[in-house]
Structure formats: C-alpha cells, structure tokens
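Let us take a walk through this model together, with the structure open beside the text.

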Amino acid sequence: MVKVREVIVVEGRYDKNTLLQVVDATVLETHGFGIFKDKEQLSLLRRAAEKRGLIVLTDSDGAGFVIRNYLKGAIPGNLVKHAYIPDIPGKERRKTAPGREGKLGVEGMHPEILLEALRRAGATLEGETPDGAPRGGITKADLMELGLYGGTESGERRRALLQKLGLPQHMSTNAMLQALNLLYTRQELEALL
C-alpha cells in the first residue's frame, strides 16, 4: 500500500472504501452534491488543503465535474491537485444498472488506474521520486496553434486527444491544459498529435 501525503477528496463512501484499499491516505467525502450546502465540510477541505494539500478525485461523469468545478472555485488553486480517471464504460458490482452516462466511477476503477491517476496529478507518494523530467510550458496559444482550441474542428481534436490519453471527455479546455502541463512538455504533446 502506497502512502500519500496529500488529503484526497472523493464523492462518496464507496469511492473512499475503494481508495483506502489502494493507498494509505486521509480520504474525505463530499457526500455528492451535499458539499454545496455543507459549510463545515467545505471548511474542513479548505483547512486540509492549507495544511497538506488536496487532491480532487471525482468520477468522470457530469456530476463529478460539477463537484470538481465547485471545489475549484471554493479552494485556492495553488493548494489543489486534480486527479482524473479515464472514461471506462461499465457499472460497479454493487449496482444493478450503470449510471446515467454508463461510465465506471472511482469505486469501479482497478487499483493500478487509481494509482496512475494520483501519480499524474502530482501526488506525493512515499518511496517514489519524481522522474525529474521538466513538464509544462504548454499555453492556450500552443493549443490554438496545434488545432486543439479556437478552431472549427478543435472540439473533435480535443476529444480524440483526451480519449488517446485516457482522460475524461468532460474536461474543459482549461482542465485539459492543466492536465497536459502536469504530464507533458510541448514537444511530447506535438509528438502525441
């Protein structure tokens, strides 16, 4: 089991239970959309972010992105990392039918996928050192030049890239830019395209 320094926030208790089988970390829940009305829980998330950093790990469906975006606006961005799980069709074992969008959530992910999502987000994992390769430097202007932003077919190109990278299709351009800067250099991105 890998120890994670940051506090991880997930949507619900099944997500939390699944994650705690993979990592040794403090995992807090939003209780789904309950976070919108629970000022005490939001205050706890803010304090946790200030003390140890926060990693947001929500489902890759529309509801997960609504919660993620709410937290983006409620907690200073320099204290938060975003971990994304890929869009994988299916249903969790405990459910009789798949969710509205037919995608697996955090609770349905394999342990390796969850660990990779945390690594990609820049989680501080005990016993692992960063690879040292400089990442980032990708701008919106770069996305525009590469046909991923502002063009007539840029939406289709973004969706194709997100799918190729195993990132959720619901990502906004800004969220995609943030993820790309965590994972790739400009040159690596060009090679992927």
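What follows is a tour of helix packing and salt bridges in a predicted model.

Two packed helices are described by the angle between their axes and the distance between the axes. With that in mind, please turn to helix H2, residues 39–52, and helix H3, residues 62–74. Their axes come within 11 Å and cross at roughly 65°. Because angles of 65 to 115 degrees count as roughly perpendicular, H2 is described as roughly perpendicular to H3. As for handedness, H2 passes H3 in a right-handed crossing.

Which residues make this contact between H2 and H3? On the H2 side you will find Lys39, Leu42, Leu45 and Arg46, and they meet Tyr70, Leu71 and Ala74 in H3. Sorted by class, the contact of H2 with H3 contains five nonpolar residues, two charged residues and no polar ones.

While you are at H2, have a look at Gln41, which lies in this helix. Is Gln41 buried or exposed? Its relative accessibility is 13%, and because buried means under 20%, Gln41 counts as buried. If we set aside the neighbours within four places in sequence, Gln41 is in contact with Leu28, Glu29 and Ile35.

Now move along to a second pair of helices, H6 (residues 154–165) and H7 (residues 173–183). Here the axes are 12 Å apart, and the packing angle is about 40°. That angle makes H6 oblique to H7. The crossing in which H6 passes H7 is left-handed. In H6, the residues Arg158, Leu161, Leu162 and Leu165 meet Thr173, Met176 and Leu180 in H7. The residues of this contact of H6 with H7 divide into five nonpolar, one polar and one charged.

From helix packing we turn to charged side chains. How many salt bridges does the model have? The count comes to ten. One of them joins Asp24 and Lys3, with the closest N and O atoms 3.9 Å apart. Asp24 sits in strand E3 (residues 23–24) and Lys3 in strand E1 (residues 2–3), so this pair ties together parts that are 21 residues apart in sequence. Asp24 is partly exposed, with a relative accessible area of 39%. Lys3, at 39% relative accessibility, counts as partly exposed too.

Our last stop is Arg186. Its side chain meets that of Asp142 in a salt bridge, at 2.4 Å from N to O. Arg186 belongs to helix H8 (residues 186–192) and Asp142 to helix H5 (residues 140–145), so the pair ties together parts that are 44 residues apart in sequence. Both Arg186 and Asp142 are buried; for Arg186 the relative accessibility is 14%.

Arg186 also forms a salt bridge with Glu190, where the closest N and O atoms are 2.5 Å apart. This time both partners, Arg186 and Glu190, lie in helix H8, four residues apart, which is about one turn of the helix. Glu190 counts as partly exposed, at 38% relative accessibility. To finish, step back and view the group as a whole: Asp142, Glu145, Arg186 and Glu190 are linked in a network of salt bridges.

Key:
Residues are numbered from 1 along each chain as its sequence is written. This is a predicted model: local features need pLDDT of at least 70, side-chain atom pairs count only at pLDDT 80 or more; totals for chains, interfaces and linings use all residues. Side-chain values use heavy atoms; hydrogens and water are left out. Axes are lines fitted to C-alpha atoms, for helices over the stretch in contact, and angles run from 0 to 180 degrees between N-to-C directions. Helices (H or I, at least four residues) and strands (E, at least two) are DSSP runs, numbered from the N terminus. Angles under 35 degrees count as roughly parallel, over 145 as roughly antiparallel, 65 to 115 as roughly perpendicular and the rest as oblique. A crossing is left-handed if the near helix is turned anticlockwise from the far one by less than a right angle, and right-handed if clockwise. Contact means heavy atoms within 4.5 Å. Ala, Val, Leu, Ile, Met, Phe, Trp, Tyr, Cys and Pro count as nonpolar, Asp, Glu, Lys and Arg as charged, and the others, Gly among them, as polar. A salt bridge is a side-chain nitrogen of Lys or Arg within 4 Å of a carboxyl oxygen of Asp or Glu. Buried means under 20% relative accessible area, exposed over 50%, partly exposed in between (1.4 Å probe, protein chains only).
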